[in-house]
Structure formats: structure tokens, C-alpha cells
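This briefing concerns a single structural model and is arranged by topic. Please consult the sequence and the structure shown here alongside the text.

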Amino acid sequence: MAIILRSPFYRGTYRYNYRDESDTTFSFKGQQDWILCEKHHPPLFSDADCKQIDFWLKKNRRQHGKATHTQRKLVHIFAGLIRCGACGSNYIASISRARASGYRPSMYLCGGRRRSGTCKNRFVNDILVGNFVFNYISNMIRLRSAFRPRWTAARIQKFLLEGDVFAGVAPSTDTVRRVRAVLLASGSGTVKYQPSGEARVSTAAQARKKNLQAELEKNRRALSRLMHLFLYAEEEMSQVDFLREKHRLHDNITRLQGDIEKEQQASIFASSLTDEEFLQKAARLLFQDAMAHGNIDFPTLAMRVGNLELKKFVNAVVEQIVVLDGHITQITFANGETHTFLYQ
Ligand SMILES: [Zn+2]
């Protein structure tokens with residue numbers, strides 16, 4: 001796709017003498033030797049279109065290194081999510097050495113420390129962060145089905161931090177209190193407890209999502225009608241009109257897709273821990289047995305599931321992870337809910 005978008009041919013320019021045929025291998029001559037005939041044939045893209053295409057190709061290249069890439073080889077699962085608890089800088093990802101098992105974790109270092117050397121905060125790696133975050137989420141999911149309204153804060157706390165990775169860790173009192181409130185509100189356990197306010201909120205969210213989806217479909221149909229008109233209508237449509245309308249519909253579609261995504265993310269935790277979508281995502285990645293038993297060994301999980309899938313999951317659920325002195329001190333979830341951890 002990027003090749004078509006970039007090619008001068010589709011912009012009406014015929015380019016020749018750019019392939020070096022003196023060599024047996026396929027290569028290009030230097031750009032100064034190319035002969036370009038502009039306006040050689042009617043372009044597929046207008047000048048304005050080309051400007052926009054170039055803008056996006058350049059933007060993508062900046063974001064991904066290279067626009068023509070198929071898939072990046074290295075996926076740093078927690079890249080962009082880790083923040084320094086000492087100086088507030090973002091952590092920067094790089095690859096660590098391979099372990100005996102063949103597993104190669106990413107490591108993350110404070111950007112402030114790397115830039116100026118003033119911050120003394122320690123680095124962390126996938127093994128530490130992954131074990132903590134994935135076991136914590138697994139515990140939260142299992143807590144949801146095990147929870148009974150009579151449970152004390154101490155019991156909830158014990159459940160949340162079950163597993164060797166949590167030795168010496170305690171959640172803040174406020175964190176436990178809020179988890180308990182969410183569990184009670186979600187009506188888990190034997191006793192049905194559903195405040196009417198909560199139910200109304202989730203119905204309103206569902207209606208909002210449905211409206212957005214309908215709007216998205218409408219714009220998609222309009223776009224397909226427009227393309228059909230442009231290609232087959234007897235009365236010729238001006239290219240300017242077509243492009244203007246096409247851009248408008250494209251913008252609408254992008255905006256609506258963004259809104260729907262936001263709506264879905266908001267519901268992952270906010271509506272309650274009973275959210276089906278969240279559970280489906282989790283089930284696919286953490287596996288039924290891992291969720292049922294906890295005690296996830298992150299390197300094994302990463303090698304089995306692949307970094308890309310784990311990254312997608314983490315990006316959908318987690319907003320930010322704060323680290324200090326080689327410990328995770330805070331996790332903020334996609335709905336803005338922050339869980340704080342204390343160390344003895
Ligand atoms: Zn720092």
C-alpha cells in the first residue's frame with residue numbers, strides 16, 4: 001500500500017531511467033539520473049491528496065521507524081506505559097540479554113537518568129513488571145468470582161496479592177476500599193446488590209455505544225455510495241467535490257472509531273469487574289488455567305502467547321505503571337482507577 005501511495009506513477013508522473021540495468025541485481029540509479037514527466041497521465045491522486053499522503057507517510061515513518069515495515073521484530077510489551085516514580089520521566093525500552101530458556105525480555109530505563117544522569121532510579125524488565133501486572137490482573141479476575149459481600153478488607157487484600165511475586169507488598173488502604181466498593185456494586189457473590197444508579201449508567205453507556213455504531217455504519221455506507229457514484233455515475237462528479245466529500249466521510253469514520261474505542265476502554269473496569277469484553281480479552285491471553293490457579297510465570301506466558309498479543313492486552317487495560325527502586329508502586333487502569341502498592 002505504501003508503495004502505491006509513494007509511487008510517482010499514481011500521481012500522474014511517468015518516471016524512467018531510474019532502474020540501473022547495468023547490474024545483474026535489481027537496483028535503482030541515483031535520483032539525479034531519473035527522468036520524470038509530470039502530468040504524463042491523469043493522476044489517481046490530486047496534488048492536495050499527495051500532500052496529505054506524504055504527511056501521513058512521514059508521520060507513520062516517524063512513529064514506526066519505517067512506513068513500509070510489515071511487523072517490527074521487537075515488541076516491548078510495556079513501552080510507553082512505565083513512568084519513573086522519582087523524577088516523573090517516561091521509561092525507555094531496549095532489549096535485554098537472552099536467558100538460558102531462550103526468552104529475551106525487554107528492559108526499561110528512566111529517560112531522565114539516561115539523558116542527564118541525575119535520576120538514580122533503577123531499571124526494570126519484562127520479568128519483574130510482567131509477573132507483577134499479569135498476576136495482579138489475574139488475581140483481580142479471580143477475586144471477582146470468589147468475592148462474597150461479607151469479606152473483610154484484609155481478606156480482599158490477601159486475595160489480590162496472592163503469589164510469590166507479591167512477597168513484601170501491600171496495597172494501600174484506599175486501593176482495597178475502592179476495589180471492595182466496585183465488587184459490591186457489581187453484584188458479585190451470592191447476595192445480589194445492585195444500586196439502581198450503577199445499572200442506569202451501564203445502560204446509558206450501552207445506548208451511547210449503539211448510537212456510535214449506527215453512525216459509523218451510516219458513514220461507511222455513504223462512503224461506499226460515494227465511491228460508486230464517482231466511478232459509475234453518468235454525470236461526471238468533479239474530483240474536487242469527490243475528494244472533499246471523501247475526506248469528510250473518512251474523518252467522520254476515524255472519529256467515530258476512536259469514540260467507540262474510548263467507550264469500550266472506559267467500560268473495561270469502570271462499569272464493573274463483570275464486564276464480559278474484559279473477561280474475553282483476559283481469557284484469550286491469560287488462559288483459563290492461569291486464571292483459575294494464578295501463579296503466572298511471565299516468561300513462559302510471553303513465549304507461549306507472544307509479545308504482540310500481550311502488549312495489545314496491556315495497552316487496552318493499563319494506562320500507566322509507576323516504578324521506584326525496582327518496585328511497582330502504582331498501576332493506573334484504563335478507566336483512570338489507580339491502585340497503589342506499599343513495600344516493607
Ligand atoms: Zn527518573
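In this predicted model, I331 stands opposite H339 of strand 12.

**Strand pairing**
- Strand 11 (residues 327–333) pairs with strand 12 in the antiparallel sense, and three bridges link the two.
- Four residues lie between strand 11 and strand 12, which form a hairpin.
- Within the turn of this hairpin, G336 has a positive phi of about 95°.
- Strand 12 (residues 338–343) is also joined to strand 9 (residues 169–171) by three bridges, and these two strands run antiparallel.
- A170 has L342 in strand 12 as its bridge partner.

**Contact of helix 5 with helix 6**
- Helix 5 (residues 153–160) and helix 6 (residues 173–185) have axes that come within 10 Å and cross at roughly 95°.
- Helix 5 is therefore roughly perpendicular to helix 6.
- On the helix 5 side the contact involves A153, I156, Q157 and L160, which meet V176, R177, V179 and R180 of helix 6.
- The residues of this contact comprise five nonpolar, one polar and two charged.

**Loop residue R99**
- R99 is placed in the loop between strand 6 (91–95) and strand 7 (106–110).
- R99 counts as exposed because it has 11 C-beta neighbours inside 10 Å, and the cut-off for an exposed residue is 12 or fewer.
- In sequence R99 and P299 are 200 residues apart, while their C-alpha atoms are 9.7 Å apart in space.

Conventions: Residues numbered from 1 in each chain as written. Predicted model: local features only at pLDDT ≥ 70, side-chain atom pairs only at ≥ 80, totals over all residues. Axes fitted to C-alpha atoms, helices over the stretch in contact; angles between N-to-C directions. Parallel < 35°, antiparallel > 145°, perpendicular 65-115°, else oblique. Contact = placed C-beta atoms within 7 Å. Nonpolar A, V, L, I, M, F, W, Y, C, P; charged D, E, K, R; others polar. Buried ≥ 20, exposed ≤ 12 C-beta atoms within 10 Å, placed from the backbone. Pairing = 2+ DSSP bridges.
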